[in-house]
Amino acid sequence: MPAAVIIGAQWGDEGKGKATDLLAGRIDYVVKFNGGNNAGHTVVIGDEKYALHLLPSGILTDGVTPVIANGVVIDIEVLFGELEALSARGVDVSKLLISANAHVITHYHRTLDKVTERFLGKRQIGTTGRGIGPTYADKINRVGIRIQDLFDENILRQKVEAALDQKNHLLVKVFNRRAITVDEIVDDLLSYAERLRPMVADTALVLHEALERGETVLFEGGQATMLDVDHGTYPFVTSSNATSGGAATGAGIGPNRIDRVIGIVKAYTTRVGAGPFPTELFDESGEFLRKTGFEFGTTTGRPRRCGWYDAPIARYTARINGVTDFVMTKLDVLTGLERIPVCVAYDVDGERFDELPVSQSDFHHATPIYEEFPGWSEDITGARTFQDLPENAQKYVLAIEAMSGARISAIGVGPGRDAIVVRHDLLD
Ligand code: GDP
Ligand code: IMO
Ligand code: MG
């Protein structure tokens, strides 16, 4: 089984890090293909808890080669901070490879992210403030800085000059901030060049050769389908393609290389930041999910908005990504609820929508049509086979599977590495 993609099936934080970690023992390469340090993946191994942002979660497994591919935006200071923190805890980070074509997040991108949000006022996106949007904007606008530019001072200086020419007007005249000098940016970036050099590679070629040898490559998506810049709830999205197609462009492999697409869904739904969320709960049920599921952002610590499972979103995700298998996480969080509502369709001004409405305005005021399922009270954290789950938990999973457009091949029953029920091999 050569290539699989893991993607978020909702609005992020579904437990992609744990799913990657689950497979990492069987893979040779783990590749981050989109986003940057806006991601936050928590992986729990025994008593140890790791929070990964820029590095792919598979780095925690010995023997795996981690790759940061061309589609990622890199904050170099964060990169070295994360590498040092992992090294200090005994994780081998020496195999990391970084694409020469990945774009660099600089000081002015972070500043622009923050001031733009402030200017948007109540229309703000609620970004992570890590400079992600402005860096991708520069990439598309062809004024970005790439990792390879750090090895040619002359070119680097020209590019930073070109970028700052425009940005300083914006920073000073519109946002009332101080101008940023070319020297401060160039000096900062150059200070990392020699440490970066040994990690930089033609990662598309490396992955091609690995796949030709029949080695297994796992592409780990950051963010999620509903945050994808093309397919998500635009403009309340991140600025990259977090869907499975993003693995092809974001890593430089042909789409026909991808054999499995593994969608990660929670047994309910969460979202961080602004934007539509039909099943969002504002009552004690939402509070229950937030508390029981520890729904606070790994990156920003913000409380996550919580709501019931949304089947039309799962079906949409299955279609957009070509999901072959779902991993449903956090089923244990629902334990103790008497009845569990699941959104099966939407009502928009009296009209029923079984699939997502085409118009974003309709989606903004869609109200969920719920079907309710009986809950269970038994502790399920020790379940390791489907039969170990209480009958009502099994029924909940099977009902959701029937509505969601792909089989549910594994079920998370706790945060730990082994707290999982596997129904079908994810790589086979
Ligand atoms: P990611 O961004 O998709 O990698 O997800 P996050 O790490 O941001 O958030 C998922 C959270 O749920 C983490 O704290 C995980 O440790 C935790 N988690 C993952 N799977 C399960 C599960 O099956 N049950 C419980 N209770 N927690 C889980
Ligand atoms: P993981 O990989 C949840 C959200 C932000 C904001 C929007 C745009 O852990 O699932 P950005 O900083 O990307 O420009 O912010 O996207 N967002 C996430 N929400 N999980 C994430 O990553 C996210 N990455 C970005 O909250 O609403
Ligand atoms: Mg996360």
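In this predicted model, an oxygen atom of ligand 2 sits 3.4 Å from a polar backbone atom of G126. Two further backbone contacts involve oxygen atoms of this ligand. A backbone N or O atom of Q223 is 2.8 Å from one oxygen atom of ligand 2, and a backbone N or O atom of G40 is 2.9 Å from an oxygen atom of ligand 2. On its own, ligand 2 would expose 550 Å², and the protein buries 97% of that area. The surroundings of ligand 2 comprise 20 residues, of which K16, N38, T128, Q223 and T238 are the closest.

Let me turn to the other ligand. Which residues are closest to ligand 1? They are K16, G40, H41, T42 and D332, out of 20 residues that surround ligand 1. A backbone N or O atom of K16 lies 2.7 Å from an oxygen atom of ligand 1. For G17, a backbone N or O atom is 2.8 Å from an oxygen atom of ligand 1. H41 takes part through its side chain, with a polar atom 2.6 Å from an oxygen atom of ligand 1. Taken alone, ligand 1 exposes 580 Å², of which the protein buries 93%.

I shall now consider two annotated residues. According to the unreviewed UniProt entry, the annotation "binding site" covers D13 and G40. They are spread over 28 residues of sequence, yet they cluster in space, with a largest C-alpha distance of 7.5 Å. Both D13 and G40 belong to the lining of the largest pocket.

Where does D13 lie in the chain? D13 is in the loop between β1, residues 3-8, and α1, residues 16-24. Is D13 buried, or is it partly exposed? Its relative accessibility is 23%, so D13 counts as partly exposed, given that buried means under 20%. Leaving aside residues up to four places away in sequence, D13 touches G40, K266, V272 and R304.

G40, for its part, is found in the loop between β2, residues 29-32, and β3, residues 41-45. G40 has a relative accessible area of 13%, and therefore it is buried. With residues up to four places away in sequence again set aside, G40 touches D13, L52, H53, T298 and T299.

Let us move to another glycine, G412. This residue is in strand β19, which covers residues 407-412. Why is G412 called buried? The reason is that its relative accessible area is 3%. Not counting residues up to four places away in sequence, G412 touches K18, M328, T329, K330, L331, D332, A419 and I420. G412 and E215 are 197 residues apart in sequence, and their C-alpha atoms are 27 Å apart in space.

Which of its residues are buried? They are I132, P134, T135, Y136 and D138. An α-helix has 3.6 residues a turn, so residues three or four places apart point the same way. The cover over the buried residues of α4 includes β6 (73-74), β8 (103-104), α3 (107-120) and α5 (153-174). After α4 comes R142, which has a positive phi, near 65°.

Notes: Residues are numbered from 1 along each chain as its sequence is written. Chains are lettered from A and ligands numbered from 1 in the order in which they are written. This is a predicted model: local features need pLDDT of at least 70, side-chain atom pairs count only at pLDDT 80 or more; totals for chains, interfaces and linings use all residues. Side-chain values use heavy atoms; hydrogens and water are left out. UniProt positions are given in the numbering used here, feature names are shortened, and annotations may be inferred rather than shown by experiment. On a 1 Å grid over the protein atoms alone, a cavity is a set of points where a 1.4 Å probe fits but cannot get out, and a pocket is an open set with protein on both sides within 12 Å along at least five of seven lines; lining residues have an atom within 4 Å of a point. Helices (H or I, at least four residues) and strands (E, at least two) are DSSP runs, numbered from the N terminus. Buried means under 20% relative accessible area, exposed over 50%, partly exposed in between (1.4 Å probe, protein chains only). Contact means heavy atoms within 4.5 Å. A residue is near a molecule or strand if one of its heavy atoms lies within 4 Å of it. A polar contact is a pair of N or O atoms within 3.5 Å; within protein, one must be able to donate a hydrogen and the other to accept it, and residues adjacent in sequence count only if both atoms are side-chain atoms. Accessible areas come from the Shrake-Rupley method with a 1.4 Å probe; for residues, only the protein chains shown count as cover.
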